[in-house]
Amino acid sequence: MSGLPLSWAEEAGYVDPPPAQVGYAERNRLFSGVPTSLIQQCRYYHDVDAEWSTYLFPPATYATYGSRYLKRLRYDNSLAALRLWGFVMSEGERLFRARQIGRKLIACMGDLGGTTPIVQAAGNAVAFYPDCFWWTPFFMESKVLFEAAGALGMGEECCFSRATLGAFHKRAYFPTPDLCVAATGASCDDFASVAQLAESLTGQAVHWLEIPFRREPQPWFRRAAFRRTAHGDAQYPIHILPFLCEEYARVLQRLEEICGHPISPHDLCSSIVGANRLRLTVRAIRDLAYGADPCPLPALEAMHVEFATLHGYSDPDECRRVLDNVLATVQRRASNGEGVLDRDAVRVAWVGPPADMRLLNMLEELGGRVAGTEYMINQSLSLISEEMEPIEALADCFLNASLIGSCSYRARRVVEEARRYGAEGIIITGVVGASHCVAEGRTIAQVAKEELGIPTLCIDVPFPSDVPPGQIATRIEAFLEVLRARRDAHRA
Amino acid sequence: MPSTPDLLNARERMNLLLMDERPDRVPAAPLITSHAAAVSGINVTTYCTDGAAMGKAHVAAYEEYGHDLLCLFTVVAMVAEAMGAELLYRDGHLPVLQRPPVGRDGDLSRLRVPNPQRDGSMPAILEATEYCFSRLAHLVPVGVFVAAPFSTAALLRGVEGFMEDLVDAPQRATDLIALATEATIPFIDAVICEGGLPVLVDPLASCSVISPVMYGRHALPAQQKLISHLHRYDMDVMLHICGRTEGVLHLLPATGAELISIDQVELGAVCAAVGDRMRVVGNVSPTEVMAGGTPDEVEEAVVRCIYTAANAPKGFVASTGCELPYHTPRENVHAFIRGVRAAGAYWPTARRNRFGDGAPAVRVE
Amino acid sequence: MNAPHPRVAVAAHPNAPRIPPASNGTRVRSPGHNRPIAGVVTDTLNRLAILLQERLEQLASAARDGAVIAAYTCIHAPVELLEACGAVPVRLPFAADSDAQTQGATLLRPDACPLCCALVGARRRHDPVASLATCLVSPTTCDAMRRAPQVWPAEFGVPLFQFMSPRTWHGKASRAAYLQELIWLRDELEALTCVRATSERLAASMARWERARASLRRIHSLRARLDLPVTGADLARLAAYAFVLDPDAFSAEVEALVAVLCQAAPTAVPAGRTVRLMLMGSPCLASDAWLLDTLEADGRARIVADALCTCARWFHISPKAAGSPLDSLADAYMHQPACAFSRPNDRLYRFIENQIAAAKPHGLVLRTLRFCDAWALEAERMRRSFRLPMLYLDVDYSQSVRGQLATRTEAFLEVLA
């Protein structure tokens, strides 16, 4: 035994079964053994303690309320993972409840974790990412949101981000935000277009936040002066930091108007400390999930963990508790030498959050495992300086983002991840029509080949009902075969 | 699929209601159960025994009417049958209880806790649930009506005998209800696993059959237990009690159900009594109005319901007092939906329009 | 840095640029115009084509002698600054076709916008204009155009100077950041050319380019009031030359044209004779003039206004001479008629509304390049905002779309007529 203290579940009399990935039916069956006391303990918005604030429910609950895709997925069988799933899946309702209990709802679009500490510093505001509703059509196996977006001019030639416009239009997936802080500039044009149309066609109040382009040093530059970020390895032109600080200051000012009270530097510092705590936990989980052998946490749950850094799924306090559970579980498994996948699973670095989450399951079913990721949210994994003035600290941290710089910077980040976790190959998932995918795949593949000598597979993820089943699985399977053959040859 | 001007679909509408939000309009959920068989042109026996046919019937009904809740249901005796009760199946008729398995001796040993995948018509209902879920659950909630333990117990014993037991041998009645509760739980678990939303139906608990005292002593605890179990899954539970319920209105919130579906009771009284704690569902007459009336009369009746109940604090779902008869004229069901759309709007017209034409096109600075 | 690709003799290249004027059969024939006046426009275009050939040869020679030819990708790059730094600015891509698009897509993605593909493909297949570039100056505009130029250093060994052109325009910080970026760009180009962009040089350059734009504005405003034998396609062709030619040489030609046209004492535009159209959307290159010819074929329609960055939006940029030239330049470029990607892009709508009010078109034509989300996603909003019949064309550079477009155009014009 590892000598670790009893988990919160064990204290209530619940013991996790031996680690495994299980299907939908088994995941629901395991739920029947969860004591009601644990269900009652897991609540969001703890300070409110309302009847509706529980979320520890099995996938069947969320499937019954429309998330049909859950039936097809495979799950980690730990209680911590169940809690994570419930917390993630309950976010939609959580946003409505936030409005009902008088919190201000601030949609942050496109900046992927930069402004949420500012929002969370307000105390009476909840930050969320409408961007994440691009997964809703997949969860629901439904094109309803795409159709709604099509009626407003975002048709099939656009990537799946258009689901977010559909959600703004329908107002049934999240309440109309009090404000939408929409990133533009070096962010994602698709989401900027969504915000523009939401502003123009649905009357959504939008505050535009310009993200500066991070130009990196080049051999032919002779006059440029650069500075390195406090935590991270990005270099940026010195003058863009004050620019981004000014942009954040404008966001702060607007938030103060919306929330009706000042947000002090002390509030910001506290929020930064909270964000860093969350980020440290996520980093610890990532390291084990992608590095330990055997794999102690499947990739789908690991992806949910990573995205928690953006905004804590609209309740950062409870999010920290959820992730602490996950970390404890993963640490216990790692120290006991237990995992959910085979020891010799082929290691693959994954680039781009897959729109179709089932692809992560698929990789694992076919004998692979995720060893490193680049989900375009790396800036929300970097720690925010607690020594600098808070706005400057937030700006400096955000300037690590891979989305705001060059393709080659992102490629180097991918290679670092692959190297760190021993990836034998790289899978890049993109979406047809996604504005930022234009040149990156080729660059990443080139750099990976030059620096690590590993191959890359690029997949454009279709909507599941649009392609024959098995088409993508065949490609992943073939890729894994190649990687296995290379491994065998190397060992020989 | 009927063309709809609605911005929201049924799934979105009901989800908002269940989160204490005002949806675009009052949901329209007439209790279309075996009437779905008529829409798809199959007889009730096939409907009750063939899961795929039941599923197809409800899909066909949804495509015909565009209502806001699927109502998968055969007969109240469905749990009793799975536990060992014998039903009589005759072509063109809903099955009826032929031989209750528990006699005057109260011997429960012949009863079994059913396996939902094998016993009675449970497998067919689960198959129909899966069928509807896989095709429609993104558009409309799939409600699955399940007999509550009190009604199941009554059918296991025979209604008359059970009524006698309630007075003369209450412990026997209590034991039978407990066993019925135990037997129902695996089935509702299976329904939830298939993606269905269990709706409890307890007709024999109504004031048309028993006194409020008996209700409080026997039916209510069983409902509470089952609803408490459903709350472990965060299910929003609809409790349907047909017949009269005015004598037990004050007890209904104690069941824990989130929605109360009523029949022969004044709608305004229900809203006044429980509307701040439960969502009220009902209650156009299924026989006199829906089956026997004209489309204009149907529309008038549903509009009256809406005017009475649309502003109930926890929300209102326009429905029928009980399930629609098989032969209900289709134009009447259409009239019901039409009436709800005409009178039941919560959002202003521009906002309800799916193309958003009412929204400002360009922001004026 | 890789060795630059070999230069190809300009005149001999199969893709040697030229913007052929429309054949006489498709030109607008206004009653009352005698043939010599109608021919003046064709003559001007022919002379500009010759000037272009000469220009390309001069630039090729100058590049061999070490001159810096600064290709730029968007009108958010201030040509005045590039020139003041001693570089020769040329806008890319000058022209595009399906081959350039296909070649570029091999280095990008098949769903990359055709313009981005053409930017890369033109260099890949040694197009004369693209081949001249010794450096590439690219303001960050849309996502695709932010990334596509990054291929140039890696694939072609051409240094890239990418700078932030803010999308937002209403904050002081955006303007300050843009100025900082221009200062950086100036400093880098000065290092490259060894020429200091003094205030005097910059002011002189601003005057030259303002003259070029003013000459086009003049024709534009005259067209709105007078019955000139200058079609919308002609105007677009004229504007395309401005992006490559020496501005003084260009201005001289266009001013001479204006003088001749005014001498002919044109009358006011007769009402109701032809359908009046406004054109907007993705950049319309020199090689896209065929679409405008199609719209205006046989005099059935006339493009009376546009919101293209290759035409009206470019020549409406007008830096003021007062104060610091660099500050004036930054202000003018920050507040130029907005592109669809600016946020919010209401200024674009106001520009279009003003154009509609002035030119009174009967209908709108929105032409977008496939996967050009910035414009394509505005289609529905434009339809609702302007409440004029709108023809929406989503195209790429393949020849195969032309027949279909012609049919759709014809149908649209019939409706308007």
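**View 1. The buried area between chain A and chain C.** In this predicted model, chain A and chain C together bury about 4400 Å², and 55% of that area lies on carbon and sulfur atoms. The contact brings together 53 residues of chain A and 51 residues of chain C.

**View 2. Salt bridges and polar contacts between chain A and chain C.** Five salt bridges are counted between chain A and chain C, and one of them can be followed from the side chain of C:Glu181 to that of A:Arg215, with 2.8 Å from N to O. Across this interface there are also 27 residue pairs in polar contact, with both residues at pLDDT 80 or more. Among the elements of chain A that give two or more residues to the side touching chain C are strand S5 (179-185), helix H11 (189-202) and helix H19 (440-452), and H11(A) supplies the largest share, nine residues. Sorted by class, this side of chain A holds 25 nonpolar, 14 polar and 14 charged residues.

**View 3. The two domains of chain A.** The domain assignment divides chain A into domain 1 (6-90 + 266-374 + 406-491) and domain 2 (103-263), whose C-alpha centres lie 23 Å apart. Their contact involves 44 residues from domain 1 and 37 residues from domain 2, and the area buried between the two domains is about 3300 Å², with 60% of it from carbon and sulfur atoms.

**View 4. Salt bridges between the domains of chain A.** Five salt bridges are found across the interface of domain 1 and domain 2 of chain A. A salt bridge also joins the side chains of A:Lys143 and A:Asp466, at 2.7 Å from N to O.

Definitions and conventions. Residues numbered from 1 in each chain as written. Chains lettered and ligands numbered in written order. Predicted model: local features only at pLDDT ≥ 70, side-chain atom pairs only at ≥ 80, totals over all residues. Heavy atoms only, no water. Contact = heavy atoms within 4.5 Å. Buried area = accessible area lost by both parts, 1.4 Å probe. Salt bridge = Lys/Arg side-chain N within 4 Å of Asp/Glu carboxyl O. Polar contact = N/O pair within 3.5 Å; in protein donor to acceptor, adjacent residues only side chain to side chain. Helix = DSSP H or I, 4+ residues; strand = E, 2+ residues; numbered from the N terminus. Nonpolar A, V, L, I, M, F, W, Y, C, P; charged D, E, K, R; others polar. Domains from an automatic or database assignment.
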